[in-house]
Amino acid sequence: MSASRALLSSPHGVASRTFTRAAPARLAAPSIPFARSGALRARSAILSSPAATVPVTSAEPKRRISHSVSDSAPLAKPAVLVAEKLGEAGLEVLRQFADVECAYGMSPARGRLRVVGRAGVGIDNVDLQAATEAGCLVVNAPTANTVAAAEHGIALLACMARNVSQADAALKAGKWQRAKYVGVSLVGKTLAIMGFGKVGSEVARRAKGLGMHVIAHDPYAPADKARAIGAELVSFEEAIAKADFISLHMPLTPATSKVFNDESFGKMKTGVRIVNVARGGVIDEDALVRALDSGKVAQAALDVFTVEPPAKDSKLVLHENVTVTPHLGASTVEAQEGVAIEIAEAVGGALRGELAATAVNAPMVPAEVMSELAPYVSLAEKLGRLAVQLVAGESGIKGVKVVYTSARDPDDLDTRLLRAMVTKGIVEPVSSTFVNLVNADYTAKQRGLRIAEERVSHDNAAAEAPLESIQVRLSHVQSRFAGAISDGGDIVVVGRVKYGVPHLTVVGPYEVDVSLEGNLILCRQVDQPGMIGKVGNILGERNVNVSFMSVGRTSRGKQAIMAIGVDEEPDKKTLEKIGAIPAVEEFVFLEL
Ligand SMILES: NC(=O)C1=CN([C@@H]2O[C@H](COP(=O)(O)OP(=O)(O)OC[C@H]3O[C@@H](n4cnc5c(N)ncnc54)[C@H](O)[C@@H]3O)[C@@H](O)[C@H]2O)C=CC1
Ligand SMILES: O=C(O)C(=O)COP(=O)(O)O
């Protein structure tokens with residue numbers, strides 16, 4: 001067994017962090033050096049990988065946590081290095097399945113990582129591309145701090161409107177300034193929520209309770225969700241032009257970087273008030289200082305900054321009309337505990353090979369869909385493995401076609417997972433590349449594998465299963481088992497899930513039915529009595545347990561194939577004996 005490692009880190013002020021790829025080890029993961037120079041507090045990220053080492057370098061390490069895992073003996077627990085502080089509840093979860101070491105304030109570290117866990121929402125400190133290329137899964141904890149962030153947004157909104165922090169500081173300095181700190185009311189004012197995701201929608205809900213008129217801008221949010229909360233989705237221009245208050249809840253992406261700049265401030269109402277608990281980088285901070293100085297923006301309340309912590313002499317932080325907190329959005333006892341557990345469980349699941357619902361760089365599939373698709377995921381991989389083992393010759397595989405037959409509306413079937421698993425099945429048996437959901441598409445592209453997909457409607461309204469069958473077709477290749485070649489000259493295998501177990505149901509032109517467990521012997525022979533007995537005897541004599549056996553033929557007395565599932569791998573002699581049966585024309589042993 002290979003070693004497992006994991007690393008946790010948190011996101012703030014780490015946009016400049018880079019992952020550098022180390023020379024990939026054979027059959028191994030890339031390595032991720034995780035460098036940080038000022039590790040303070042943080043939320044989490046976990047990396048673990050047997051197959052790759054991904055270097056993670058942090059040029060600007062501020063607050064974060066990292067956990068990493070080191071090599072372990074066969075069957076040993078994975079090792080998790082917690083590089084930044086994580087809640088005790090999360091550590092307890094990690095200790096149940098891993099050897100956990102807490103080492104805060106680490107200098108650059110390297111490890112062969114399988115998973116990076118980030119104990120929070122923002123993953124802007126993770127170089128997703130490097131991790132993806134390395135096949136390193138990145139998971140986050142996207143839900144446990146939502147309410148905390150929303151509550152902090154509301155706290156800042158109210159504090160700002162009523163000058164709470166300024167008045168507090170003045171009073172502590174001995175100044176009783178009632179006239180100076182007259183505030184503005186929230187009721188009846190228009191609040192524009194920019195980014196109507198988890199946090200934004202919770203802020204909207206609460207602002208409605210405060211009697212505010214809520215509008216929202218989010219190009220990707222469903223209008224009905226906004227309507228249900230009583231918020232109207234509008235364009236960016238309309239949102240910023242109509243708002244008395246603007247609250248930012250979008251992620252930091254190339255598209256949102258500095259979208260609040262001189263130009264957009266210019267389009268706002270004079271006297272607008274802005275709250276930011278999302279990411280500092282969505283605001284051009286110099287432009288905000290100018291807008292505050294000119295009075296265009298009356299006040300700002302900021303929890304996040306482009307660089308964290310901001311410079312001590314930051315004009316923005318020191319501005320009289322600005323209220324600041326040091327990235328406290330997720331900092332409640334409840335959220336920290338929730339996030340620690342959420343990320344520890346996500347990392348544990350990922351290390352056990354479960355499909356991660358919170359994967360950031362792999363197909364995101366809701367948990368219900370995932371459990372429904374699980375046997376098909378296994379089927380897809382096994383069909384890929386089978387198909388590639390049937391290939392002969394040097395021509396290489398170029399075109400792969402995957403056909404999904406389903407009674408469901410094609411739009412209801414998200415095939416990214418299945419496609420990734422077919423790729424894994426096709427690539428892994430014939431290469432030293434470690435393929436997972438994260439790097440499957442990338443790997444296919446690198447290897448020049450064109451994977452086409454087709455969905456075929458199967459008119460069976462009563463069908464409850466998400467899929468009737470999956471066909472994997474390798475175009476224009478030679479096979480070492482001629483029986484697997486369909487009429488069109490392609491290698492074709494088809495499978496379906498029966499009682500939750502993947503089955504092989506078609507090989508080339510032959511229908512069979514054999515459960516895809518253990519290993520498989522395919523045998524082509526002349527259709528005649530006694531064949532099953534002969535082969536069964538040979539295997540029995542050699543103590544090879546047959547788990548399934550199925551015969552398919554094109555027509556009586558012509559050719560037939562036998563598909564035999566075996567628990568153990570028969571030795572060479574046994575296979576030769578099968579091949580020596582006079583009616584057997586060809587046979588092949590396949591590992592599933
Ligand atoms: N201050 C803090 O401690 C915390 C900060 N955050 C930050 O808050 C932000 C939101 O977090 P969640 O609501 O959990 O994320 P989310 O992913 O649920 O919501 C983000 C929303 O922004 C939308 N969006 C994307 N591009 C946009 C654009 N160009 N314009 C408008 N909307 C756009 C998305 O469609 C999505 O609905 C993130 O940046 C996250 O890192 C989250 C938790 C705590
Ligand atoms: O989850 C997020 O994106 C946050 O900003 C929370 O950050 P933190 O976990 O407090 O370092």
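Modeller: Contact here means heavy atoms within 4.5 Å. This is a predicted model, in which local features need pLDDT of at least 70 and side-chain atom pairs pLDDT 80 or more, while totals for chains, interfaces and linings use all residues. Residues are numbered from 1 along each chain as written, chains are lettered from A and ligands numbered from 1 in written order, and side-chain values use heavy atoms without hydrogens or water.

The position is V438, in the loop between α13 (416–427) and α14 (440–446); helices (H or I, at least four residues) and strands (E, at least two) are DSSP runs numbered from the N terminus. V438 has a relative accessible area of 7% and therefore counts as buried (under 20%; exposed is over 50%, partly exposed in between, with a 1.4 Å probe and protein chains only). Beyond four places in sequence, V438 contacts A131, T132, G135, C136, L137, N361 and A362. For A362, 76 residues away along the chain, the C-alpha separation from V438 is 4.4 Å. C136, at 0% relative accessibility, is buried. C523 is buried as well, at 0%. The whole structure has zero disulfides (cysteine sulfur pairs within 2.5 Å).

As for the sheet, seven strands form an open, parallel arrangement in the order β10-β9-β8-β11-β12-β13-β14; pairing takes at least two DSSP bridges. β10 (232–233) and β14 (322–324) each have a single partner strand, so one side of each lacks a neighbour in the sheet. Helix α5 (residues 198–209) packs on this sheet and touches β8 (190–194), β9 (213–217) and β11. Strand β11 (residues 245–248) runs parallel to β12 (residues 272–276), joined by four bridges, and F245 stands opposite R273 in β12.

How values were computed
Axes fitted to C-alpha atoms, helices over the stretch in contact; angles between N-to-C directions.
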